[in-house]
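Please look over the sequence and the 3D structure shown here before reading the notes. The notes are grouped by topic.

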Amino acid sequence: GSIRSAERQEDDLETSDDSDKDMSSFNSYIVVSLLHVVLCLFPLGPFALWYSLKSRNEAIRGNVSRAAEYADRARKLNIFGIITAAAIYGITAAIVTAVMAFLH
């Protein structure tokens, strides 16, 4: 009886170690999403953050395929949102510069 329970505990420890390894290498893009929300002020940032958090929660639950799906959505939203925000800021800066040059 006690030998089997000790073997079960060892199996549980090995299983938890494996899941910890999976979690440490998993990227849910939470930091990028937070920076997107704070720095870009673009409407896609909160959605990217939401998918990042859903990804992390699914990874914690052990649903790796769903977590990867949500992480991919967060990554795509972050890329698109940051590129779009940079383009908008660049165009705005060019317009302001042209107007200032015209006025002087």
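Predicted model: local features only at pLDDT ≥ 70, side-chain atom pairs only at ≥ 80, totals over all residues.

Residues are numbered from 1 along each chain as its sequence is written, and side-chain values use heavy atoms, with hydrogens and water left out. Helices (H or I, at least four residues) are DSSP runs numbered from the N terminus.

**Helix α4**

- Helix α4 has 40 residues and spans 58 Å from its first C-alpha to its last. That is close to the expected 58 Å at 1.5 Å a residue, where the expected span is 1.5 Å times one less than the number of residues.
- Which residues of α4 are buried? They are Ala67, Tyr70, Ala71, Ala74, Asn78, Gly81 and Ala85. Buried means under 20% relative accessible area, exposed over 50%, and partly exposed in between (1.4 Å probe, protein chains only).
- An α-helix has 3.6 residues a turn, so residues three or four places apart point the same way.
- Helices α2 and α3 are among the elements that cover the buried residues of α4. Contact here means heavy atoms within 4.5 Å.

**α2 against α4**

- The axes of α2 and α4 come within 10 Å and cross at roughly 20 degrees. Axes are lines fitted to C-alpha atoms, for helices over the stretch in contact, and angles run from 0 to 180 degrees between N-to-C directions.
- The two helices α2 and α4 are therefore roughly parallel. Angles under 35 degrees count as roughly parallel, over 145 as roughly antiparallel, 65 to 115 as roughly perpendicular and the rest as oblique.
- The crossing of α2 over α4 is left-handed, a term for a near helix turned anticlockwise from the far one by less than a right angle, with right-handed for clockwise.
- On the α2 side the contact is made by Val32, Ser33, His36, Leu39 and Cys40, and on the α4 side by Leu77, Asn78, Gly81, Ile82, Ala85 and Tyr89.

**α2 against α3**

- The axes of α2 and α3 come within 8 Å, crossing at roughly 160 degrees. That makes α2 roughly antiparallel to α3.
- The crossing of α2 and α3 is left-handed.
- From α2, the contact uses Ile30, Ser33, Leu34, His36 and Val37. From α3, Leu44, Gly45, Pro46, Ala48, Leu49, Ser52, Leu53 and Arg56 take part.
- Pro46 lies in helix α3 and is partly exposed, at 45% relative accessible area.

**Aromatic rings**

- How many aromatic pairs does a search of the whole structure find? The search finds two. Rings of Phe, Tyr and Trp (its six-membered ring) pair if their centres lie within 6.5 Å; planes under 30 degrees apart count as stacked, over 60 as edge-to-face and the rest as tilted.
- Trp50 and Tyr51 form an edge-to-face pair, 4.9 Å centre to centre with 65 degrees between the planes. Trp50 is partly exposed at 46%, whereas Tyr51 is buried at 17%.
- The ring centres of Tyr51 and Tyr70 are 5.8 Å apart and the planes lie at 35 degrees, so this pair is tilted. The pair links distant parts of the chain, with Tyr51 in α3 (residues 44–61) and Tyr70 in α4 (residues 64–103), 19 residues apart.
- Tyr70 is buried, with 9% relative accessibility.
- Trp50, Tyr51 and Tyr70 are linked by ring pairs into a cluster.

**The loop between α1 and α2**

- Tyr29 lies in the loop between α1 (2–24) and α2 (30–40). Tyr29 has a positive phi of about 65 degrees although it is not a glycine, and it is partly exposed at 22%.
- Ser28 lies in this loop too. Is Ser28 buried or exposed? Ser28 counts as buried, at 10% relative accessibility.
- Ser28 touches Ser52, Ser55, Arg56, Ala71 and Ala74, not counting residues up to four places away in sequence. The C-alpha atoms of Ser28 and Ser52, 24 residues apart along the chain, are separated by 5.1 Å.
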